[in-house]
Amino acid sequence: MKINNTNTPPKVRVLIVGGGTSGWMAASALSAKLAGTGVSIRLVESAEIGTVGVGEATVPHIRHFNASLGLDEADFMSRTEATFKLGIEFRDWGRKGDAYVHPFAAFGRDIGGVPFHHHWTRAHRAGRTPAGGLDDVSLPIQALRMGRFGHPSPDPSNFFSTFSYAYQFDAGLYAAYLRSYAEARGVVRTEGKVREVALRDDGHVDAVVMESGERIEADLFVDCSGFRGLIIEGALKTGYEDWTRWLPCDRAVAVPCANDGPPSPYTRATSRESGWMWRIPLQHRAGNGHVYCSGFIDDDAAEAALLAQLENPAQAAPRRLRFTTGKRKRQWVGNCVSIGLAAGFLEPLESTSIHLIQLGIGRLLDLFPTSPVMDPLDAAEFNRLMALEYERVRDFIVLHYVATQRDDTPFWNHCRTMAIPDSLATKMELFKQRGVVTLYRDGMFLEPSWLAVYLGQNILPDQVDPRAALVADADVDRVIAAEIESCRRAASSMPLQSEILSRYRMQVPA
Ligand code: FAD
């Protein structure tokens with residue numbers, strides 16, 4: 001939050017429209033971080049309209065969000081039916097029959113001051129890599145293959161400090177959990193439908209008018225109303241950047257079923273004829289979904305394909321969803337900030353939506369208005385930062401599609417040969433030529449993530465760092481063998497995930 005020169009608390013009235021995951025995450029964080037500043041927070045939501053009702057896999061940053069609210073991990077996990085997540089297994093993405101994991105960890109260690117993947121590429125070209133491939137040199141991948149989990153060590157010299165983890169949880173239960181947190185911190189909730197958004201002469205939002213006739217005024221409106229973008233688009237007509245030409249999937253169908261055995265500590269994403277399917281094991285069920293492109297498969301066929309591969313009977317009617325990948329041209333306009341699905345949508349291949357919510361909330365707190373009069377510079381900076389984040393995530397997701405070698409269906413032929421954003425084309429070219437991964441100062445997906453997908457989908461650099469050749473092959477092989485053994489031993493020493501969950505007093509199938 002910025003410094004207010006007048007030393008008087010900014011008596012800003014905030015109205016959050018929407019009580020899905022984004023609305024309640026925003027309400028919790030604002031009520032916790034702005035406590036004592038005189039800011040008042042109100043939230044309106046409509047049970048009749050409901051929430052999107054999907055969203056289960058996350059990235060490790062969610063732990064920082066929970067920690068910043070002071071949530072206890074065991075309590076949070078039992079209230080949201082959560083499991084641990086060590087990575088995502090991608091099946092059939094490079095070629096049919098391939099499988100690789102994107103873990104929350106780097107592969108191997110530098111050898112002779114040269115990043116591991118340069119040595120790995122040389123060894124691979126010479127046919128000297130182990131049968132288990134990259135999986136063998138990753139502690140979290142070995143652990144997840146065994147169904148094991150352990151908390152990382154905070155000591156950087158400890159081998160167990162080399163990975164991170166996220167959660168798989170029920171986003172609806174998470175929203176309910178955060179609702180009680182936010183209400184306990186003074187957030188006032190109003191049930192009902194917004195009928196109309198009233199604008200001031202200067203184009204800023206004055207108030208929302210409920211179907212009950214109540215008029216709710218505020219200084220800052222946080223639009224968390226989901227895909228419809230009630231204020232940001234409905235009233236302010238911000239406009240949408242449509243990224244369908246790079247990410248052609250535009251529909252999904254989701255359905256839960258019982259887990260087949262203990263839940264596994266990872267998410268699975270399997271490529272299909274005209275899209276891909278997810279499987280996300282929670283404590284009490286597995287979430288399943290089929291993300292697909294309506295230009296290549298119809299809704300009934302997509303639903304039938306999903307139901308046909310469930311490990312157990314469906315526990316509810318399949319839920320069909322439509323979306324347009326992209327983002328609002330500006331996510332903060334005047335006195336309205338959009339967060340969550342109201343701000344934009346990128347398909348859940350890398351479990352990024354809840355993280356983008358978290359980022360939006362963090363940026364809003366950093367730039368929170370110091371008075372009821374908005375500063376357009378805050379909005380401009382928010383829009384610049386969020387656009388960068390969305391574009392980086394977009395490029396990383398597009399990589400999975402364009403880096404396929406699948407040529408067995410019209411959909412994959414389209415993806416393999418489609419035009420891609422210039423920003424991604426430059427990144428891929430640099431990697432293909434010299435094995436260099438473009439570095440960001442910060443951002444969600446750093447070098448290890450890009451390497452997991454490049455190498456996992458058989459994109460190897462043509463040339464590697466010339467210093468890699470200065471290390472004798474036998475020395476490289478010895479380091480790799482030692483690394484594999486360390487990972488195997490460390491993974492085997494971890495408890496089964498089900499043991500940790502029951503230590504947390506949660507009921508999971510044996
Ligand atoms: P919603 O859940 O749609 O909530 C909107 C809220 O606005 C509701 O409370 C509604 O009642 C209210 N509202 C709307 N109109 C009005 C009105 N007129 N008056 C009053 N209230 C109103 N994210 C991940 O991080 N991981 C995943 O694995 C993942 N999987 C996904 C899979 C699919 C197929 C889809 C579509 C999304 C997925 N997401 C995932 C995204 C995730 O579901 C959303 O980011 C998250 O649920 C936040 O949604 P939201 O709160 O922005 O919107």
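This is a predicted model: local features need pLDDT of at least 70, side-chain atom pairs count only at pLDDT 80 or more; totals for chains, interfaces and linings use all residues.
Helices here are DSSP runs of H or I at least four residues long, numbered from the N terminus. With that in hand, hello everyone, and thanks for coming.

Helix 9 gives the most to the shell around the ligand, with three residues. The elements that contribute two or more residues to that shell are helix 1 (21-33) and helix 9 (353-366).

Now the shell as a whole. It is made of 35 residues, and the closest to the ligand are Gly19, Ser22, Val54, Ala57 and Val194. If you sort the shell by class, you get 16 nonpolar, 15 polar and four charged residues.

Some backbone atoms deserve a look too. At valine 194, a backbone N or O atom sits 2.8 Å from a nitrogen atom of the ligand. At leucine 341, a backbone N or O atom is 2.9 Å from a ligand oxygen. And at glutamate 56, a backbone N or O atom lies 3.3 Å from an oxygen atom of the ligand. As for cover, the ligand on its own has 1,000 Å² of accessible area, and the protein covers 97% of that.

You'll find it in the loop between strand 2 (40-45) and helix 2 (61-69). Is glutamate 56 buried or exposed? Its relative accessible area is 11%, and the cut-off for buried is under 20%, so glutamate 56 counts as buried. Its side chain makes a polar contact of 2.8 Å with the side chain of arginine 285. Setting aside neighbours within four places in sequence, glutamate 56 is in contact with Tyr167, Gln168, Phe169, Trp278, Ile280, Leu282, Arg285 and Gly287.

Finally, let's step back to the whole chain. Besides domain 1 and domain 3, the division of the chain includes domain 2 (99-163 + 401-493). How far apart are the C-alpha centres of domain 1 and domain 2? They lie 37 Å apart. Across that pair, six residues of domain 1 are in contact with six residues of domain 2.

That's my tour, and I'm happy to go back to any part of it.

Definitions and conventions: Residues are numbered from 1 along each chain as its sequence is written. Side-chain values use heavy atoms; hydrogens and water are left out. A residue is near a molecule or strand if one of its heavy atoms lies within 4 Å of it. A polar contact is a pair of N or O atoms within 3.5 Å; within protein, one must be able to donate a hydrogen and the other to accept it, and residues adjacent in sequence count only if both atoms are side-chain atoms. Accessible areas come from the Shrake-Rupley method with a 1.4 Å probe; for residues, only the protein chains shown count as cover. Ala, Val, Leu, Ile, Met, Phe, Trp, Tyr, Cys and Pro count as nonpolar, Asp, Glu, Lys and Arg as charged, and the others, Gly among them, as polar. Buried means under 20% relative accessible area, exposed over 50%, partly exposed in between (1.4 Å probe, protein chains only). Contact means heavy atoms within 4.5 Å. Domain bounds come from an automatic or database domain assignment.
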